[in-house]
Amino acid sequence: MLVTGAARQLGGRFVRRIQGDPEVDRVVAVDAVEPAHPLGDAVFVRADIRRPAIAKVLAEHEVDTVVHMDVTGTALGGGGRTSVKETNVIGTMQLLGACQKSPRVSRLVVKSSTNVYGSAPRDPAVFTESTAAKSLPSGGFAKDAVEVEGYVRGFARRRPDVAVCVLRFANILGPRADSPLAEYLSLPVLPTVFGYDPRLQFVHEDDVIDVLRLVAHESRRAGLNSGTFNIAGDGVLLLSQCARRLGRPTVPVLLPAVTWVGSALRAVGVTDFAPEQIRLLTHGRVVSTVQMREVLGFTPRYTTAETFADFAHSRGAGLLPPEVLAGAVDRLADRLSVPATPYEAPSAPRVPAPARASSAPPASSNSPASPPFHDGA
Amino acid sequence: MADAKVIPFDDDRSRARRRPSRAEGEAAAVRALPAPLRAPSRPAGPPEPEEAPEAGDGAPAARPGSGWERRLASGLAFLRRRVTGEYEVDEFGYDEELTDQVLMSLLRPVFEKYFRVEVKGVENIPAEGGALVVANHSGTLPLDGLMMQVAVHDHHPAGRHLRLLAADLVFVLPVVNELARKAGHTLACAEDAERLLRAGEIVGVMPEGFKGIGKPFGERYKLQRFGRGGFVSTALRAGVPIVPCSIVGAEEIYPMIGNARTLARLLGFPYFPLTPTFPWLGPLGMLPLPTKWTIQFGEPIETGDHPPEAAEDPMLMFNLTDQVREQIQHTLYKLLVQRRSVFF
């Protein structure tokens, strides 16, 4: 088995994890740079997949399964957008060319992204695998992913004997995530687009590894693990919800100004505010995972909300931790309930105020009488 | 947390219906707890059952402060869930809690006091399962859709929620798109409509679109072309009934006497209305005229007896579309004859 992109955190984890599986004899990990993490018993070959030398690696190690994980949005250890694009597109072309020449290759797994759907206000609310994007991504990583998938489809046509599986992952998050979205969510104050509250979906790193393992092996139910699948956790979170659960304040920025803020942040090297990232944070994106469940037979262990909770836990408290806010509301409730119940004083002894801080005030109703609601809108 | 602390109140019948087991459990708990044992001795941990609506009706007379306090407590509970982000939205971004407690409360005075909407035949919307409500569209601004949503939300015996399909312009505009998604609206496209219908939701659509809402005042209550009848094939594919709906009163809220086409093109809107008051009176001209409305839901048209491939039959589609259109137009005329005046 050959794994590309092994120097990345996710690739490294996958290489270490897959060695334990009985179906795997040997793992060849490939990347252009030396990995900073251990790869266990895997053979590391330092090769640039943009060069034809990759074909030699395939032949030398008699590779039968190729897991292509080197389709990413950010460069590893410096390097601009051009080199990322080259690795994504030229690298995929070279790798596919090498696979086509190698008769032993029988299985190809490609890590793609739901970025291929783009995000536009004119798109349906939920994308299925067959939905054609209304506005194709015009550049950046999303366009790379679209092109990569195009080459992979071409390869699948030329080599019908190879089982090809494309996994479109939603935003990958987890304690160790290093994606642009994770970087964005780690900012102390989150700039958001004014007047938009995008719907987001996350998939946990552990689930990514699990589903990659599932499709990298021969299917237990013959032939069902090839094709294109959306991979995402259940449920949806709004960006405003994410910010509140993280305890990070948001700063709404008017849409025309977002680009400037984005480039300013990029200039100081805080985070990569690519245009497609901004579009995602404007219109959001939700994909259907019916195919993943019913055809692939994979059920993620983490829902979107659980994935996010795990991520939030790893990032530590923000400026406005939810517990503090909840405590403030409880204190306000106590403060208000004291003068509100004088007529009941004789009937029962009053419980001291702090007792209620642990439990939320009960019940809910339409209550115009109570303080500001505008935070929810 | 949060979820368990929700108790059905007067306008939250929907919650009671959607989670029947929980509602019943709470109702039982409420009965078990005598009314005088209240607020100050709150047990920590599990949700304290407050009075049910039935009890609440009688209580205020005896203890004037309790209703207010209960509202305050529940409002704070709501606020607490909001600030911590512990609430749920569905895949369309529909925030049921926010809609029930805030958005509907904001629209209700407009519905009850301003337009004094009279709702008829709401029981024609099935109590369970999907249905497609097809209505006429008018009024320059889509207030008729919102009022229809309030009508279903407040008046349907099973407390169903109407999920409106909105034009793509709604999802381009900032703020508007955010509120629309949270109120359960989604883009008017076959994929979204079918997904909602298959999930058993009530979907509201106004197939006239911009042609209906932006028509001049002189053409009021004349139905425009019903798109390409895509809504019929969607209903057929999902196998749900079509409920025609006629809205009287919305045509006169902003009598559109002119259309500044150049300005509309510059701003990217489908039309730019000129009414007797707008834009001459500035923001004051944005105030709709307080007309008296009637919303009538008609007899459902069943689509279940057609085979699934019928959705591909253009002739059948046109016939069904015409049938729906005729029925709405007919009801409109009937309601107009019955109407005493535009404003009363």
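User: Which residue is the bridge partner of B:Leu162 in E5(B)?
Analyst: It's B:Ile202. Bear in mind that this is a predicted model, where local features need pLDDT of at least 70, side-chain atom pairs count only at pLDDT 80 or more, and totals for chains, interfaces and linings use all residues. Residues are numbered from 1 along each chain as its sequence is written, while chains are lettered from A and ligands numbered from 1 in the order in which they are written.

User: What makes strands E3 and E5 of chain B pair?
Analyst: Strands are DSSP runs of E with at least two residues, helices are runs of H or I with at least four, and both are numbered from the N terminus. Two strands pair if DSSP finds at least two bridges between them. E3 (residues 162–166) and E5 (residues 202–205) of chain B have 3 bridges, in the parallel sense, so they qualify under that rule.

User: Why are E1 and E4 of chain B called edge strands?
Analyst: Each of them, E1 (118–120) and E4 (186–187), pairs on one side only. The open sheet has 7 strands in the order E1-E9-E6-E2-E5-E3-E4, with mixed pairing.

User: What packs on that sheet?
Analyst: Helix H13 (residues 314–338) of chain B does, touching E2 (131–135), E6 (242–248) and E9. Its direction makes about 30° with that of E6(B); axes here are lines fitted to C-alpha atoms, for helices over the stretch in contact, and angles run from 0 to 180 degrees between N-to-C directions.

User: Why is A:Glu62 called exposed?
Analyst: The count is of other C-beta atoms (placed from the backbone) within 10 Å: 20 or more is buried, 12 or fewer exposed, in between partly exposed. A:Glu62 has 12, so it is exposed. B:Tyr221 has 18, so it is partly exposed.

User: What is the phi of A:Glu62, and where is this residue found?
Analyst: Phi is near 50°, a positive value in a residue other than glycine. A:Glu62 is in the loop between helix H2 (53–60) and strand E4 (65–68) of chain A. B:Tyr221 also has a positive phi, about 60°, and lies in the loop between helices H10 (210–213) and H11 (230–238) of chain B. Most residues other than glycine have a negative phi, and most peptide bonds are trans.

User: Which residues does a cis peptide bond join?
Analyst: B:Phe278 and B:Pro279, with omega about 0°. B:Pro279 sits in the loop between E8 (273–274) and E9 (294–297) of chain B.

User: How do you know that the span of H6(A) agrees with its length?
Analyst: The expected span is 1.5 Å times one less than the number of residues. With 12 residues (205–216) that gives 16 Å, and the end C-alpha atoms are 16 Å apart, so the two agree. The buried residues of H6(A) fall within an arc of 165° seen down the axis, so they line one face; the arc is that of the directions from the helix axis to the C-beta atoms.

User: What makes H7(A) mostly covered?
Analyst: In helix H7 (residues 239–246) of chain A, 8 of its 8 residues are buried, including A:Arg244 and A:Arg245. A:Gly247 follows, with a positive phi near 75°.

Terms used:
Two residues are in contact if their C-beta atoms, placed from the backbone, lie within 7 Å.
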